[in-house]
Amino acid sequence: MMSVKSRVLEIMEKNRSKAISGQELADYLSVSRAAIWKAIRSLKEEGYQIEATTNKGYLLMDNNDILSGEGIKTYLQPEYQNNPVIVYKQIDSTNLEGKKIAAVGTKHGTVILAEEQTEGRGRLGRSFYSPAQTGIYMSIILKPQKSLNDFLLITVAAAVGVCRVIKKLTDKKPQIKWVNDIFLDNKKICGILTEAVSNFEIGMVESVILGIGINVKTNENQFPEELREIAGSLFSEGITRNQIAAEIINEIMKLSENLEDKTLIEEYKKYSLVLGKIISYNKNGEIYTAKAIDINNQGNLVVENEQGETYIIQSGEVSIGSGQIFGNSKHS
């Protein structure tokens, strides 16, 4: 059952920039004015900027940007309103927490977010820099009932979903560096880490923990020195992190229900940062160079070497070379 504070916040998030009197809140929630005052005081202590206006009531200011389940649910589509949304001030890793609760059983579409991660995780065992109050660090638990062969498509769907939201909410042009990094202006702003709980006996994915980390308003000087040349932020005025997170949840839930849709791969290709370019990749401890020529229906990268031989890369990481192209490419 929601507390009075949570219910007050929910109402104020749905009525941003609109003053609501303490009596209105008390009457609507069937509680005393004192309970409303206590809830408002507690929210202010948590950092919410709430203005008390004489004869008008309480006003949640537009510049509030604190992650909350109440704020996120304001923007969720009706069919996802009942998805559990759990928000932490600080956590080691939302993906680690997702794996824990997935192991004991949780609802499809459960979302875990944090204002800060102390052990944010990236691909290949790397850390993901996750400072407080500047990003979105989120894990969505999916129960897709898909085969292990379809696992990569969930990452593809997540990348497309993030790009759709950036295009919808801003005038920016995101690109995807295969398989799961989102770039703006040649700097990485988002990483996606997909981890599966699988039943190998029947070859099915039981649960997927889909981790998404987005730099929303991290200034260049906040990044560790080794990341300043390669990491960027979304930086878009007038949009809260709650809205961005909710829109991403909407897109990913919708896309995950129809991974077989062939237009998903076509859309992914349109955002591609690598197609038509020279890339290098690691195979069995050796570095190879090739041109990225396609992404197949399973989300694998198809490359061509200088001898005209084609290969499929199913996993791993690629680096983009100088941009030199072997001949012409329709993807360039």
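Reader: Which residue in β12 stands opposite isoleucine 278?
Author: Lysine 291 is the one facing isoleucine 278. Keep in mind that this is a predicted model.

Reader: OK, and how many bridges join β11 to β12?
Author: There are 6 bridges, and the two strands run antiparallel. β11 covers residues 278-283, while β12 covers residues 286-295.

Reader: What's the strand order in the sheet they belong to?
Author: The order is β14-β13-β12-β11-β15, an open sheet of 5 strands with antiparallel pairing. β14 (310-313) and β15 (318-320) each have a single partner strand, so one side of each has no neighbour in the sheet. From one strand to the next, the twist averages 45 degrees.

Reader: Switching topic: which residues have the most contacts inside the largest nonpolar core?
Author: Met138 and Leu301, in a core of 63 residues. Helix α6 (residues 151-169) gives the most to that core, with 13 residues.

Reader: And what does leucine 301 touch?
Author: Leaving out residues up to four places away in sequence, its contacts include Trp178, Val274, Ile279, Ile295, Tyr311 and Val318. There's also a second, separate core of 17 residues, with Ile11, Met12, Leu29 and Tyr48 among them.

Reader: How many aromatic pairs are there?
Author: The count is 1 aromatic pair. Tyrosine 281 and tyrosine 288 are stacked, at 5.8 Å centre to centre with 25 degrees between the planes.

Reader: Is tyrosine 281 buried or exposed?
Author: Tyrosine 281 is buried, because its relative accessibility of 8% is under the 20% cut-off. Tyrosine 288 is partly exposed, at 33%.

Notes. Residues are numbered from 1 along each chain as its sequence is written. This is a predicted model: local features need pLDDT of at least 70, side-chain atom pairs count only at pLDDT 80 or more; totals for chains, interfaces and linings use all residues. Side-chain values use heavy atoms; hydrogens and water are left out. Rings of Phe, Tyr and Trp (its six-membered ring) pair if their centres lie within 6.5 Å; planes under 30 degrees apart count as stacked, over 60 as edge-to-face and the rest as tilted. Buried means under 20% relative accessible area, exposed over 50%, partly exposed in between (1.4 Å probe, protein chains only). A nonpolar core is a set of buried Ala, Val, Leu, Ile, Met, Phe, Trp, Tyr and Cys residues joined through side-chain atoms within 4.5 Å. Helices (H or I, at least four residues) and strands (E, at least two) are DSSP runs, numbered from the N terminus. Contact means heavy atoms within 4.5 Å. Two strands pair if DSSP finds at least two bridges between them. Axes are lines fitted to C-alpha atoms, for helices over the stretch in contact, and angles run from 0 to 180 degrees between N-to-C directions.
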